[in-house]
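Q: Could you take a close look at one spot in this model for me, and then tell me how that spot sits in the rest of the chain? I'd like one connected walk-through.

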Amino acid sequence: MQNAVLRGADLTEAMFVKVDLRNVDLREVTLVQASLAQSDLRGATFPEQELQGLMFHGADMTGCDLSRTSFVKCMFDDAILDQASFGDTSISECLLNNASLRGAKFGAAHLSKLIMDGVDLREANLADVNLDVVKMPNVDLRGAQLPKSLVNCSLAKGQVDAASLYERDLEGTDLEGIDLTGFVFDRCNLHRTSFKNCILTNCSFEGANLDWAVLDGCDLTTANLSDASLKSASFTEANLQNVDLRNQDLTMTCFREADLSGADFTGAKLWMSNLSDANLKNANFTKVKCKSTVLAFANIEGLILKD
């Protein structure tokens with residue numbers, strides 16, 4: 001069906017599986033719950049309308065112009081969308097698991113409630129995209145341009161460049177399991193951000209908002225937390241050896257089972273903080289303000305206590 005003109009046709013629930021649809025004209029076509037799975041759609045002209053419930057599983061849509069089409073509850077799993085252009089379109093409640101979007105151009109597209117596990121977005125341009133609760137675990141974002149806000153999105157266990165997260169709003173973002181060695185998060189909004197099991201060695205969080213952030217199991221060796229807000233943050237089982245927490249407000253912060261050996265808490269406020277089972281060997285508690293602080297079973301060998 002290469003170069004076919006289907007303009008105006010009613011293709012409701014039609015099945016086009018493994019069909020050559022290159023350069024096909026789909027303008028004004030009725031495509032309700034139709035399947036174009038594993039078909040070749042390169043060069044196809046898409047309708048200027050909202051498409052719902054379509055199956056693009058495994059389809060080749062390389063270089064397609066999708067800027068005038070919106071997609072709702074469609075499946076793009078394993079589809080090839082390299083170099084595709086999305087313009088200002090809207091994509092919501094769709095599945096794009098293991099899809100390839102290398103070099104895709106998203107313009108000011110609105111992406112809402114998408115599941116994109118394992119998606120390849122290398123070199124893609126998402127700089128002006130509006131992301132709303134987009135889940136991208138295991139994503140490859142190397143070389144991609146990301147928007148200023150990634151609020152409530154998931155990049156867990158993905159691959160990302162340091163520059164792409166610099167000065168971004170990452171409130172509620174899931175970054176679990178990513179190697180972020182040496183990344184700079186200075187003055188970033190990291191409220192409720194999850195860094196669970198991340199490698200954060202040599203990272204800088206100077207002046208960042210880490211209130212209610214989750215850093216459980218993280219390696220924060222030589223990380224810079226100066227002037228960061230850490231209230232109600234969780235560092236359960238984290239490696240914080242020799243960390244500088246001088247004069248920090250650590251109200252309700254959890255350090256349960258964390259390695260805080262050699263840490264400097266001078267002048268810190270530890271109201272209602274949890275340090276149970278923590279390793280505080282040779283930590284400095286000079287002029288620390290404690291109130292309802294939990295130290296049950298903590299290792300306090302060599303702990304420095306001065307008024």
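Is Thr173 buried or exposed, and which residues does Thr173 touch?

A: Thr173 is buried, because its relative accessible area is 0% (buried means under 20% relative accessible area, exposed over 50%, and partly exposed in between, with a 1.4 Å probe and protein chains only). Before going on, a word on the source: this is a predicted model, where local features need pLDDT of at least 70, side-chain atom pairs count only at pLDDT 80 or more, and totals for chains, interfaces and linings use all residues. Residues are numbered from 1 along each chain as its sequence is written, and side-chain values use heavy atoms, with hydrogens and water left out.

As for where it is, Thr173 sits in the loop between helix H1 (162–165) and strand E6 (269–271). Helices (H or I, at least four residues) and strands (E, at least two) are DSSP runs here, numbered from the N terminus. Setting aside residues up to four places away in sequence, Thr173 touches Leu150, Val151, Asn152, Cys153, Thr193 and Ser194, where contact means heavy atoms within 4.5 Å.

Let's follow one of those partners, Thr193. Thr193 is in the loop between H1 and E6 too, and Thr193 is buried because its relative accessible area is 0%. Leaving out neighbours within four places in sequence, Thr193 is in contact with Leu170, Glu171, Gly172, Thr173, Leu175, Ala213 and Val214. The side chain of Thr193 also reaches the backbone oxygen of Leu170, at 2.5 Å. That counts under the polar contact rule: a pair of N or O atoms within 3.5 Å, where within protein one must be able to donate a hydrogen and the other to accept it, and residues adjacent in sequence count only if both atoms are side-chain atoms. Ala263 is another matter: 70 residues separate Thr193 and Ala263 along the chain, and their C-alpha atoms are 23 Å apart.

The loop between H1 and E6 also holds Ser232. Ser232 has a phi near 65°, a positive value in a residue other than glycine. With 13% relative accessibility, Ser232 counts as buried.

On to strand E6, where you'll find Lys269. Lys269 counts as partly exposed because its relative accessibility is 25%. Neighbours within four places aside, Lys269 is in contact with Gln248, Asp249, Leu250, Thr251 and Lys289. Lys269 and Thr253 are 16 residues apart in sequence, with 10.0 Å between their C-alpha atoms.

Asp117 belongs to the loop between strand E4 (110–112) and strand E5 (130–132), and Asp117 counts as partly exposed, at 31% relative accessibility. With residues up to four places away not counted, Asp117 touches Leu96, Asn97, Asn98, Lys135, Pro137 and Asn138.

Glu13 is exposed, with a relative accessible area of 53%. Ala14 lies in the segment before E1 as well, but Ala14 is buried, with a relative accessible area of 16%. Ala14 touches Ala34 and Ser35, residues up to four places away not counted, while Ala14 and Gln33, 19 residues apart in sequence, have C-alpha atoms 7.7 Å apart.

So much for single residues; here's the whole chain. There are one helix and seven strands, running β-β-β-β-β-α-β-β from the N terminus on. The C-alpha trace spans about 85 × 30 × 25 Å along its principal axes. The chain's radius of gyration is 25 Å, whereas a compact globule of 307 residues would have one near 19 Å (it is taken over C-alpha atoms, and the globule rule is 2.2 Å times the number of residues to the power 0.38). Looking at contacts with a separation of 6 or more, residues 24 or more positions apart account for 0% of them. Of the 307 residues, 50% count as buried.
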